[in-house]
Amino acid sequence: MTDGRGGIQMMESAQPFRVETLERIIDSLANPVFIKNANHQFIMVNRAFCEFLDVTADQMIGKSDHDFFPESEVQVFHAMDDATLKSLSSTISNEAITLASGETRWIQTRKSAFVDPRHGPVLCGVISDLTELKAAREQLEHSNEALQAKVAQRTVSLELLNQKLEKLAFFDVLTQLPNRANFELEIATTLNRAEQESRQFALIYMDIDDLKSVNDSYGHPVGDLFIRQVAQRASEVIEDNAFMARIGGDEFMVLIRFDHLKEVINQADRLVARFSEPLEFENRLMNITASMGIALYPENGTDVTTLVKHADSAMYQTKDHNKGHYTFYRQEFSLRARRRLDIETALRRALHENLLIAWYQPIMSGDGQQIAGYESLARLQPTDLAEIPAIEFIRVAEQTGMIHQLGDQILRQACAFIASHCHNGEFVTVNISGTQLSEARFAATLRQVVGDSGIDAGQLVMEITESVMATMGEEIRSLKLALKDMGIRLWIDDFGTGYSNLAQLKRMEFDALKIDKGFIRDLPDSDIDESLIRTIITLAAEFNLKVVAEGIETERQAACLEALGVDFQQGFLFGKPREPLNQS
């Protein structure tokens, strides 16, 4: 029992313990215990203390710390002991001691000083070995540090990942430009500020010209190169007041904040000029252009949807009439854009539901007396838009990429027409667009269709325009080799419109040329046209080419052309294009 002050209290009737009993109690304690006198000599140690230092009690009694520990440690021990003895108080100290084996142990010693009747001032110490606890604590601290380092590393990794995710969310991977989502945020902010501050801005909708042809001819890696070049070149000339984003495959948006319209014009002019410079690819120069449409806030719209729609309408106007340049939006463009969308919708439906059909116009012999062949002409069956002129839906088909499917259907119908109607060797001509020609698999598709139909390939003729010949010479030369191998002839259409030259005619090895109807219209009253036609016929003979005159509407024109010596005649005089009966 203890008293309220923590001292030992015994029953009144109890006798004091004998010294031997107290020694045995102390010796049984698990903690090392020692008692020193004022000279720092050990006067008592228990069994646990001896085991801790690996010594015997006889080796310890009468000895001091100097006999067992390094001097540096002894000085620390004695300084603490002296302070405790002087104050006759209790202290707790954490110390490191080096054992005889060389091992360092970390201990906590609770020291109490008191005066003994026999020994005078003495110091009693009770030791707790903290070595394992300290090691565990250090291990925990090390683990915590490692964990903190991992957390810090993971935090950095997450921050980098967040940055990458943010970049993926708001920037285009191919061009590193802001993407559509980024653009939508920017234009929303710009629109809000413009409304509050009565500011102006312009929206330029930019589309790379003929990118699909590049992809079809050279592959998507080259197409991607074109896209990167557009982005790089545009970025080089974009001013600080502009924001540019890639919003789709070949489409870009440029947002320009301006005070004077001249700033927008200057920016658009710089873009046109930069794009006009050719791109070098595999030791050849390739043209890279982009058509642009411009809508102004607030003149052309006060919300994002309207501005984008109007800029898009102006861009398509540029593609149709001034490719590679720019056009400011005008209200009538919306009507044209709606018309174009309606045609695109009708065309998609026609291709899906087989509403696209080939009509045929007869091509007569040179004297106009016998049918030598037919020209196949694509027509759409009547829709909600009534009749759509071929020139309109073919242009839309080329712009949307549907020209490949359209051309394939017309080709198959033409081959079926040959099989069902042309039993006397009549030929059928099929028109090819530049977009079709740029498709790498066109020749293979043609070979398969002809093979599937079982017709004589000599009855099939491909027609390309003179303008296509002028811009796609290498592709035509490759096609001619494939056609020659299949036995299919190749004609040049609209000859005389000013694009071709003699070197091209010689190199391409065409089988025939069709004189443009502009030279036929005023015959036989125009001596100039008659002279030009005579020259063309003479030139064709030098290159071993047949000559076809088209657009003939009167007997006088037919008689004049027969006299001049054309090989074939074609026009409304002999028959308008008509849908065949019982085509299988």
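Strands E18 and E19 (residues 546-549) pair in the parallel sense over 4 bridges, where pairing requires at least two DSSP bridges between two strands. Strands (E, at least two residues) and helices (H or I, at least four) are DSSP runs numbered from the N terminus. The model is predicted, so that local features need pLDDT of at least 70 and side-chain atom pairs pLDDT 80 or more, whereas totals for chains, interfaces and linings use all residues. Residues are numbered from 1 along each chain as its sequence is written, and side-chain values use heavy atoms, with hydrogens and water left out.

Buried denotes under 20% relative accessible area, exposed over 50%, and partly exposed the range in between (1.4 Å probe, protein chains only). In a regular strand the side chains alternate between the two faces of the sheet. Strand E17 (residues 489-495) is joined to E18 by 3 bridges, also in parallel, and Ile492 has Leu513 in E18 as its bridge partner.

An open sheet of 5 strands shows antiparallel pairing in the order E2-E1-E5-E4-E3. Strand E2 (42-45) and strand E3 (90-98) have a single partner strand each and stand at the edges, so one side of each lacks a neighbour in the sheet. Direction ignored, neighbouring strands of this sheet are turned by 25 degrees against each other on average. Axes are lines fitted to C-alpha atoms, for helices over the stretch in contact, and angles run from 0 to 180 degrees between N-to-C directions. E3 and strand E4 (residues 104-116) run antiparallel and are joined by 9 bridges; Thr98 stands opposite Thr104 in E4. Helix H4 (residues 71-87) packs on the sheet and touches strand E1 (33-37), E3, E4 and strand E5 (120-129), its direction making about 170 degrees with that of E3. Helix H5 (residues 131-170) also packs on the sheet, in contact with E4 and E5, and its direction makes about 135 degrees with that of E4. Contact means heavy atoms within 4.5 Å.

The structure holds 32 salt bridges, each defined by a side-chain nitrogen of Lys or Arg within 4 Å of a carboxyl oxygen of Asp or Glu. Lys134 and Glu138, both in helix H5, lie 4 residues apart, about one turn of the helix. Their closest N and O atoms are 2.0 Å apart in a salt bridge. Lys134 is partly exposed at 25% relative accessible area, as is Glu138 at 40%. A salt bridge also links Asp259 and Arg199, with closest N and O atoms 3.6 Å apart. Asp259 lies in the loop between strand E8 (251-258) and helix H9 (261-275) and Arg199 in the loop between H6 and strand E6 (200-208), so the pair ties together parts 60 residues apart in sequence. Arg339 and Glu392 meet in a salt bridge of 3.1 Å, N to O. Arg339 belongs to helix H11 (residues 331-353) and Glu392 to helix H12 (residues 390-400), so this pair ties together parts 53 residues apart in sequence. A network of salt bridges links Lys36, Asp65, Asp81, Glu95 and Lys111.

Asn182 is found in helix H6 (residues 180-197) and counts as buried at 13% relative accessibility. Not counting residues up to four places away in sequence, Asn182 touches Phe170, Phe171 and Phe243.
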